[in-house]
Amino acid sequence: MNLNKYILLFSVILIFISCDDETDSGINPVPINHLEIQANILNGTWTLDQIKDKMSIKELIPVTMDGKEVFMFDDMTLTISEGSKSGGIYSTLNTYDEKIWSSSGTWIFQNNDKNKILRSDGISMSILTDRIHNYAQPKRYFLRINFTTSDDNKEVEWVFNFVRECSSPYNEDC
């Protein structure tokens with residue numbers, strides 16, 4: 001019986017020691033910056049691709065204009081670099097029309113919203129990012145960009161669906 005008391009006392013002491021408050025020891029948790037996380041996801045080269053391997057996203061056409069599939073951007077790539085919470089740089093290859101996608105420019109997060117980007121040409125874009133990941137294959141990221149342009153006093157709604165693949169499923173920087 002005396003041994004049981006010692007075990008109980010030792011257990012209680014162990015619980016108190018393991019429940020120490022980290023803020024008392026001078027360790028402050030680092031705040032999460034959602035803009036910085038989103039910018040890191042955006043950094044890289046994106047290609048237009050039909051999304052087929054994500055159960056929560058229906059198959060998506062790479063580019064639509066007012067809801068209709070268009071093929072003029074099929075070979076386009078979008079490269080986003082130097083992304084941070086302050087914005088970054090973008091460049092495109094094989095763009096069809098400079099009014100829709102200029103060959104290069106800068107961008108910022110609009111109103112500190114990780115899902116809104118304002119390009120240097122004044123076009124405001126809504127974005128959605130998601131990870132398409134099968135643990136046996138490289139990570140793939142999905143990027144949907146929606147924006148509106150004006151053509152002869154008529155607004156045109158564009159939707160671009162990009163994919164970026166990482167070299168390894170274990171690459172945490174990707």
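T64 is found in strand β2 of this predicted model. Strands (E, at least two residues) and helices (H or I, at least four) are DSSP runs, numbered from the N terminus. T64 counts as buried, at 13% relative accessibility. Buried here means under 20% relative accessible area, exposed means over 50%, and partly exposed lies in between (1.4 Å probe, protein chains only). Beyond its neighbours within four places in sequence, T64 is in contact with E69, V70, E157, W158 and V159. Contact means heavy atoms within 4.5 Å. The model is predicted, with pLDDT of at least 70 needed for local features and 80 or more for side-chain atom pairs, while totals for chains, interfaces and linings use all residues. Residues are numbered from 1 along each chain as its sequence is written, and side-chain values use heavy atoms, with hydrogens and water left out.

L60 lies in the loop between β1 and β2 (63-65). L60 is also buried, with a relative accessible area of 7%.

The protein chain as a whole has 2 helices and 10 strands. From the N terminus on, the order is α-α-β-β-β-β-β-β-β-β-β-β. Of its 174 residues, 33% count as buried. Among contacts in the protein chain with a separation of 6 or more, 50% come from residues 24 or more positions apart. The protein chain exposes about 11,400 Å², and carbon and sulfur atoms supply 54% of this area. Accessible areas come from the Shrake-Rupley method with a 1.4 Å probe; for residues, only the protein chains shown count as cover.

Strand pairing was examined next. Two strands pair if DSSP finds at least two bridges between them. Strand β1 (residues 44-48) pairs with strand β4 (residues 77-84) in the antiparallel sense, over 4 bridges. Within this pair, T79 in β4 is the bridge partner of T45. β1 is also joined to β10 by 2 bridges, and these strands run antiparallel. Here T47 has V163 in β10 as its bridge partner.

β9 pairs on two sides of the record of bridges: with β8 in the antiparallel sense over 8 bridges, and with β10 in the antiparallel sense over 12 bridges. I127 has I145 in β9 as its bridge partner. N153 is found in the loop between β9 and β10. Phi of N153 is near 65°, a positive value in a residue other than glycine. N153 is exposed, with a relative accessible area of 84%. A further positive phi, near 55°, belongs to E82, again a residue other than glycine. E82 has its place in strand β4 and is exposed, at 62% relative accessible area.

On a 1 Å grid over the protein atoms alone, a cavity is a set of points where a 1.4 Å probe fits but cannot get out; a pocket is an open set with protein on both sides within 12 Å along at least five of seven lines; lining residues have an atom within 4 Å of a point. Grid points are joined across faces, edges and corners, and a volume is the space filled by probe spheres set on the points.

The structure holds 1 cavity of 30 Å³ or more. About 80 Å³ of space lies in the largest cavity. Its lining includes L42, L78, I80, Y90, W101, W107 and R119. The elements giving two or more residues to this lining are β4, β7 (116-119), β8 (124-132) and β9. By class, the lining of the largest cavity has 11 nonpolar, no polar and 1 charged residues. Ala, Val, Leu, Ile, Met, Phe, Trp, Tyr, Cys and Pro count as nonpolar, Asp, Glu, Lys and Arg as charged, and the others, Gly among them, as polar.

The largest pocket holds about 180 Å³ of space. M65, M72, D97, K99, I100, T149, S150, D151, V156 and W158 line it. β9 (140-151) and β10 (154-165) are the elements that give two or more residues to this lining. The largest share, 3 residues, comes from β9. The lining of the largest pocket divides into 5 nonpolar, 2 polar and 3 charged residues.
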